[in-house]
Amino acid sequence: MRGQLDDALHLYGRVLEAQPEHADALHLTGVVAQQQGRHQDAVALIGKAIAADGRAAAFHNNLALSLMALERIAEAVVSFSRALDRDADHLGAQHGLSECLNRLPQDVDGALLEAALLPLLRARSVNARGLGHAAGRLLERKHAIGAEGSATSRRSCDEVLDDEIVRRYLQRTVNVSVPLEALLTQCRARWLADAEAAAMLAPSCRDGVAAVAVQCFLNEFVWAVTSEEERSIVVVERRIVDVCSSLSSANEALVSDVLVYACYRPLWRMPCAARLRTWPVDAWPVAARETLRVSLHEPLGERDLAAGMESGAAIRDPVSKAVQIQYEENPYPRWTAITRGASQNIEQWIRRWNPDYVAPADLRGTLRVLVAGCGTGMDAINTALHLHNAQVTAVDLSRASLAYAMRKAGEYGLENIRFRHQDILALGSDAESYHVINCTGVLHHMENPAVGLERLAGVLRPGGVIRLALYSELARAPLQQARDLIRASGLGPRTGDIRKFRQQVFADGARGPLAELMGSTDFFSTSECRDLLFHVQETQVNLPGIRALLAAAKLEFLGFELGIAEVEQGFRREHPGVALTDLGAWAEYEQRHPHSFRAMYQFWCRSQLR
Ligand SMILES: C[S@@+](CC[C@H](N)C(=O)[O-])C[C@H]1O[C@@H](n2cnc3c(N)ncnc32)[C@H](O)[C@@H]1O
């Protein structure tokens with residue numbers, strides 16, 4: 001390797017002797033310096049290359065990588081942003097910019113934070129969910145939203161929505177800013193009052209209203225609605241239905257009504273949805289197209305997919321039936337994109353969490369992968385995209401969730417994935433066996449998770465691996481107070497009640513007993529809030545319980561996926577020399593740090609080689 005680098009350096013040197021400003025040679029010499037850890041030299045050389053010709057995204061990305069290595073994060077942000085300006089789908093720059101965001105201090109300068117966030121929000125291929133809190137904070141500061149005495153006038157509303165980053169944020173991920181939600185809820189009420197009085201939106205407002213409509217679809221209309229608004233929506237809906245039967249494409253007044261209506265209800269459920277569907281999206285003004293796509297065409301497409309879906313045996317278990325109803329009503333989660341990464345084999349995949357893992361011969365060819373309880377398909381599609389030789393079967397109780405997953409798999413052009421409507425409890429009847437199983441956030445919604453795990457272990461091949469994610473009793477304990485309150489108030493898992501409960505938490509404010517909920521992304525959409533607090537069936541486990549579950553299913557623990565670096569560091573500090581696979585030590589650690597597994601216990605196991 002060293003010899004090859006020296007040869008390359010020699011070659012580029014000769015080019016540079018002849019042409020000292022040769023951009024490619026400067027860049028490649030810089031890349032060699034980078035690979036040799038000489039980041040100062042790399043910055044100087046790649047900087048010169050960019051001065052000679054700054055068109056290539058790769059130049060800016062490589063410059064940013066060395067700047068990051070030198071902890072010059074602010075400059076790295078600028079360079080990654082430039083790379084993404086030139087190529088919005090540049091994977092390295094997307095990952096680099098996300099990494100920079102994690103390294104920026106909480107009180108970072110707003111302009112810098114915006115420079116990091118905007119390119120990521122612009123790129124449709126980035127999973128923007130993780131950006132919500134940083135973006136929400138930025139927008140509150142930038143527009144003084146929620147600040148004492150801040151205006152909530154029509155003007156302030158227009159001004160906020162005139163900002164590209166606000167609109168991108170609303171279209172790309174669920175908003176998690178309480179003051180922004182409050183402001184936009186008021187804006188929406190004003191638009192509706194105008195619409196009821198047959199006043200059209202000003203053309204300059206359309207982009208903003210359309211972004212709010214997409215946001216409301218993404219958060220499943222979780223924002224508060226007054227009874228007056230409920231009445232006005234019906235008036236606007238009636239008008240849309242009347243008008244659309246006599247038109248063959250949208251006129252200005254209809255566009256205005258449809259956009260406002262879509263801020264309150266999904267278009268695909270309108271009585272005239274079938275007629276609207278016959279009008280091509282491109283026949284609508286540009287501002288309205290994304291709303292039409294998201295709120296009308298995609299869900300109707302999912303309904304078609306659900307009708308032709310493969311099905312296993314009928315769902316009979318009473319708890320499965322109750323859980324099915326919840327996820328038919330609220331498919332979960334409504335994700336938009338998976339950030340792409342490098343493809344890996346199963347050994348590399350698991351070594352991220354257990355460096356000693358060696359895959360047996362049976363796991364080195366084509367891998368049959370089962371994603372059990374795949375929901376809306378994010379894990380299944382991620383596996384189909386990024387795990388070498390994977391043939392994925394994904395099953396779930398909810399046809400609505402599966403249809404969402406099927407639509408997304410189609411968007412990614414995947415052919416190595418099939419979806420089946422099926423209860424995990426009925427697995428095993430078709431003699432299928434799998435090399436890899438992923439069952440995330442599912443077993444704890446069964447009456448007895450041990451029975452579910454037994455079914456999964458029954459279809460796992462000898463030496464096969466399984467990823468599980470289960471709720472931690474300790475980490476979920478603080479939610480009990482909210483659940484008690486919900487029960488005592490007679491609230492149920494209905495959208496109206498979920499809205500009511502959220503408004504109560506907002507009204508109690510930052511000092512209220514449940515204020516912590518406002519820091520959780522899950523609190524900001526109907527399905528996630530229902531999942532978090534109104535679930536029809538939830539059990540939690542602890543680490544001794546997990547040990548018992550695994551022993552009963554004859555599974556060997558391979559290691560946690562520790563998403564939060566501090567947890568691993570803390571464990572190593574407090575249990576020096578103890579293996580990361582020691583569940584007894586982890587149980588002690590969790591008692592001292594009950595938030596460690598806030599994002600569930602996520603871990604890998606393997607079955608014995610027979
Ligand atoms: C919290 S969601 C998690 C979805 C997905 N695994 C994820 O992590 O995004 C739980 C999912 O498990 C499914 N589920 C629950 N019990 C199931 C069962 N017995 N068989 C199949 N799917 C089940 C539900 O329908 C729901 O989609």
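Just after helix α4, glutamate 71 takes a positive phi of about 60°, where helices (H or I, at least four residues) and strands (E, at least two) are DSSP runs numbered from the N terminus. This is a predicted model, in which local features need pLDDT of at least 70 and side-chain atom pairs count only at pLDDT 80 or more, while totals for chains, interfaces and linings use all residues. Residues are numbered from 1 along each chain as its sequence is written.

Helix α4 itself covers residues 57–69, and ten of its 13 residues are buried, that is, 20 or more other C-beta atoms, placed from the backbone, lie within 10 Å of their own. Among them are Phe59, His60 and Leu63, and what covers the buried residues includes α2, α3, α5 and α6, by contacts in which C-beta atoms, placed from the backbone, lie within 7 Å.

Elsewhere, an open sheet of eight strands has mixed pairing and the order β1-β4-β3-β2-β5-β6-β8-β7, two strands being paired if DSSP finds at least two bridges between them. The edge strands, each pairing on one side only, are β1 (310–311) and β7 (555–560). Within the sheet, β6 and β8 run antiparallel and are joined by six bridges, and valine 465 has arginine 606 in β8 as its bridge partner.

The ligand is surrounded by 24 residues, of which the closest are Tyr327, Gly373, Gly375, Ile424 and Thr440; a residue is near the ligand if its C-beta atom, placed from the backbone, lies within 6 Å of it. The elements that give two or more residues to this shell are α17, α19 and β3, with the largest share, three residues, coming from α17.

Terms used:
Expected span 1.5 Å × (residues − 1). Buried ≥ 20, exposed ≤ 12 C-beta atoms within 10 Å, placed from the backbone. Contact = placed C-beta atoms within 7 Å.
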